[in-house]
Amino acid sequence: MAGLAVNNTPLVPSNITESRIANFMSSKTIFYRMGIHRGLWTLRHSGSPHVEISVYSVPDLKRITFQEAVSQTFQKVTQDERKYGPSWATHWFKIDITIPDAMFGKPVVFQWNMNNEGMVWSTDGVPLQGLTGGDGQERHEYIVTNTGISGNRHSFYIEAACNGMFGVGDGAFVPDPNRYFSIEKADLVVPDKEVQDLYFDLDIIRGIAYNTQDESPRAREAVWVINEVINEFILEDRKSITKCKKLTEDFLSVNNGQAKGQHQITAVGNCHIDTAWLWPYDETKRKIARSWSTQIDLMDRYPNYIFTGSQTQQYEWLSELYPALFEKIKRKEMMGQWEIIGGSWVEHDTNMPSGESLCRQMLLGQRYYQKHFNKRTKIFWLPDSFGYSSQLPQILKQSGCDYFFTQKLSWNNINKFPRSTFWWTGIDGTNILAHLTPAETYGASVTVAELTKCTKNHHDLEYSNESLLCYGHGDGGGGPTPAMLERLNRLKDVDGLPMVKPGSALDFFEGIEKNSRNLQAYNGELYLEFHRGTYTTQALVKYGNRKSEFLIRDVEILSTMATLLSRSTQSDVGTYIYPSNTLEWIWKLLCLNQFHDCLPGSAIGLAYKDVHKHHREIISATLSLRHQAQSAIIRLRSLSENTDTKSQQGLVVFNTLPWNRTEVIAVPRQETDWTGQQHNSDKHEYVLVKNVPGLGAAGYVAHTADIAAVDEEIGAKAYQDDDGGYFILENQNLKATFNHDGQLINLLDKKTPDRQLIPNGAKGNVLQLYEDVPVYWDAWDVEIYHLQKWKPIEGEASIKVVSEGPLKAELHFRQNISDKSSIEQTISLTCLSERLEFDNVVDWHEAHQFLKVEFVWDLVSDHATYEIQYGALRRPTHYNSTIDSAKFEVCGHKFADLSEANYGVALINNCKYGYATHGNTQRLSLLRSPKGPDENADMGQHKFKYAIYPHQGHFNSSDVAQQALEFNVPLSLRYAEDHEVRSGMVLEPLFQVEPSTQIILDTIKLAEDNDNGKILILRLYEAYGAQAHAILKSHLNIKQILISNILEDDTNDKLQRVDNTSSFKLTLKPFQILTLKVKLN
């Protein structure tokens, strides 16, 4: 056939062609001079007179402001003169540029690489963009000018941080304190636009060749096109470059045809910045500015580019430290290029924060957006947290969010999560529209492979033919690069690929809500089958979080009491003002430290110095505020009573739980002799206080009937049995028998005397040590095989009676865990208690060991019930399927309960979150000892408590939730004298819920906008999973009670009043969270 050319060269095997293409496209091979990378940049100049460098090295690892830096003396240096360090140090460079003659009329770019992070500043103190050294997430270029003028001078500063994008760690992420960095590149270059355009085209075509269907006609044509380009390519011949560009343009110009049948991808730029991880908070503040200033610059260069930024804490830091940059972001948001997203204060862990903490994350975040951007976000954005609580859908809906995004479940290491776009149903039945990007990353690079994954991995294509691609370097910040945006421009509509367009996350979610067809629902928690060790790692952080949460709760309730009492007491003396600003600061600090690498325990030691410091500040501040509120209440009540001064002493006891309590307490003052029955080892007297009013306070005067002796016959006892073999704790409710190792061998509930709770031959309170060597992620993971290798800790204890009763009976033992670690445990039972309590002090110095405690019960159930935020969740107690066995370690809050139909036992704790229940065996995870990224994680002394609570009935008809609250919220005591103490009611209950069996009133505070203290916020929840009816009572003069939401919005719904009283009808659905706005007259 005349006119057809004949290829007279041999057919090249496909693997050889692929290698040829790789060499041509690579920047790293020995054939670099023959490849395309050599031509991306031209006219390179370095050194004096065109590039002059001077430096100021900041002492003592300080991070100083721009104004402080530029006021220092800078020393001239050459590029290779010295190294810069150590780790976490900061060096400020002044760069003076003189444009060479060869660059006249051309765009001039400065290339800088120190293998670290840096920020370019203008000479007038405006952050311009970030710089990232090294390879992989590199960002080396800064545009000096778009049109060079020979001899013109340009100056700017670079703030260089002595850490890389991922800190200064090794392969296990453990930081090296002595990292030093060199200036590898400080050059002026000119981009060769034609060659760069060709390179980006080839990058796409290569993806089609090797990351789609290899044998498809389109993929094989792509291979041919690249091979032809290599054959034509002669860098010095511009006609050759034009021919090559014609080949790539022709290939990429073939589009998909009709759009309707194609998979539609919305690409949104993002920059995941871990608020702390392999770096401390102070470095994050600079990462935010580096990353976000870069995105502002890209928006100016790419007008269609849309970026989304989350975490309101990061916005607040930016506004405080970089106000000019924050104003730029606000302008870009108004223009539609910057999308605010997330809604929460930080991208927090959702397993361990309390229900109220999850609410405050949203309240703080959404109010910040409303204040600074005049809007709220509708999207909860949490791409990297380690599992998602099944109470989230309800909390999010009540916080103004209709949509939820993540990708983390793609990390499951046993079962593939079955959904991509679906309705996520919470434990109360609330649905929220959820999308897990099938690209399985929040740090995409806009490659053909990622676009292909969006269709290949999408589990719900028959219902929704759309997906979200979140692109941009992340974790350490950075965000999208020019190369990503160049690829995105080329990939909008290319034959053989999904269609992709830039857009906002909100556009995407509203699109799938409009276009999807009968989406499937997924019910319950989104359990991550990975990172299960995070429920236990960094135990002191868990303790600080739990203690802080309950102290803040105390402060808000008592401060509300004091505020209302102050208003009602007509006296200028003793005015009390609700500490709104201090409480907001405390909540922000607590929420910050619930970030998903802080609370879970997966950050470096330097980060935990901050976390521990913050928890100490919170605890100190809340204890002070609680004392002030209590003092105000005592003072105001003594003023209002006008009682005669008597010489007396006693207690004022505050109860912040919403039901009456009778308990054994230790008098705060030493060496009292009010009954003379029993003192502890610190000389504090044990006494019984009865009927402390819920959400109120009562006075107990010494040497009166208020504080009476306990009848020895019904008191608690600790003794050794007659043959000296076992040790027994006993009161009118329980009888517990222990062996010499402190292991529980018998437990009798005297209300059901025929039921022994420990099976024959089994034990409880068995301390166990497991070998804990995960596959890779040390602080994060405990693996399924750890259950195969463990040993009991026994044989060296010498248990003894330390308190015989009658108010409190105690046993004590010390046991070596190893030659480096030991545990001391005090087991106690009070005269009235139905709980058996275990108080522990552990000296812990292990490596890759996991300490647990195990109880075996004479119970049969195929499920256990675990407390989560404002509710409870059932999980299987068997390994029937891989989905069941993947939950070999799970997260719970204050309790885990194992119940038959008519009886159960709850395992309660005061600061732990890791549980496991298999068959009739319950375990509580106590301590881990990983060695990375914090090589000293958990080393040292730990104090914690757990308890056993046997109960009548199944969990659903028990009072386990109330018992767990009492274990975590002790009565608050004030020693008082003379006129400050009197018998009886000091403060009547602020509110009462009757009956208090299912509905728990958790939060009482002044509203954020409280009309001078006339508006209160109450948050209640149904705790057991059944519809509940009750009456909410109060002595306050209530105008009306509105049904509100977590954001404290007004609604048209209000509670029905009962017969013109201050009582109102309550009805809650199973696990419903109800926020009420109480308006006072």
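The following paragraphs consider the aromatic pairs of this predicted model, and then the charged side chains placed over rings.

A pair of aromatic rings is described by the distance of the centres and the angle of the planes. In this model the count comes to 56 aromatic pairs. One of them joins Phe 173 and Tyr 776, whose ring centres lie 6.2 Å apart with 70 degrees between the planes. Because planes over 60 degrees apart count as edge-to-face, the pair of Phe 173 and Tyr 776 is edge-to-face. The two residues are 603 residues apart in the chain. Phe 173 belongs to the loop between β9 and β10, and Tyr 776 to the loop between β29 and β30. With a relative accessibility of 16%, Phe 173 is buried, whereas Tyr 776 is partly exposed at 46%.

A second example is the pair of Trp 292 and Trp 338, which is also edge-to-face, with 5.3 Å between the centres and 80 degrees between the planes. This pair links helix α6, which contains Trp 292, to strand β13, which contains Trp 338, across 46 residues. Trp 292 has a relative accessibility of 1% and counts as buried; Trp 338, at 1%, is buried as well.

Phe 173 and Tyr 776 belong to a cluster linked by ring pairs, whose members include Phe 166, Trp 277, Trp 411 and Trp 780.

Finally, charged side chains may be considered. Lys 852 lies over the face of Tyr 770, 4.8 Å from the ring centre. Arg 928 lies over the face of Phe 850, at 5.9 Å from the centre of that ring.

Note on methods:
Residues numbered from 1 in each chain as written. Heavy atoms only, no water. Phe/Tyr/Trp six-rings, centres within 6.5 Å; stacked < 30°, edge-to-face > 60°. Helix = DSSP H or I, 4+ residues; strand = E, 2+ residues; numbered from the N terminus. Buried < 20%, exposed > 50% of the residue type's maximum accessible area, 1.4 Å probe, protein only. Lys NZ or Arg CZ within 6 Å of the ring centre and 35° of its normal.
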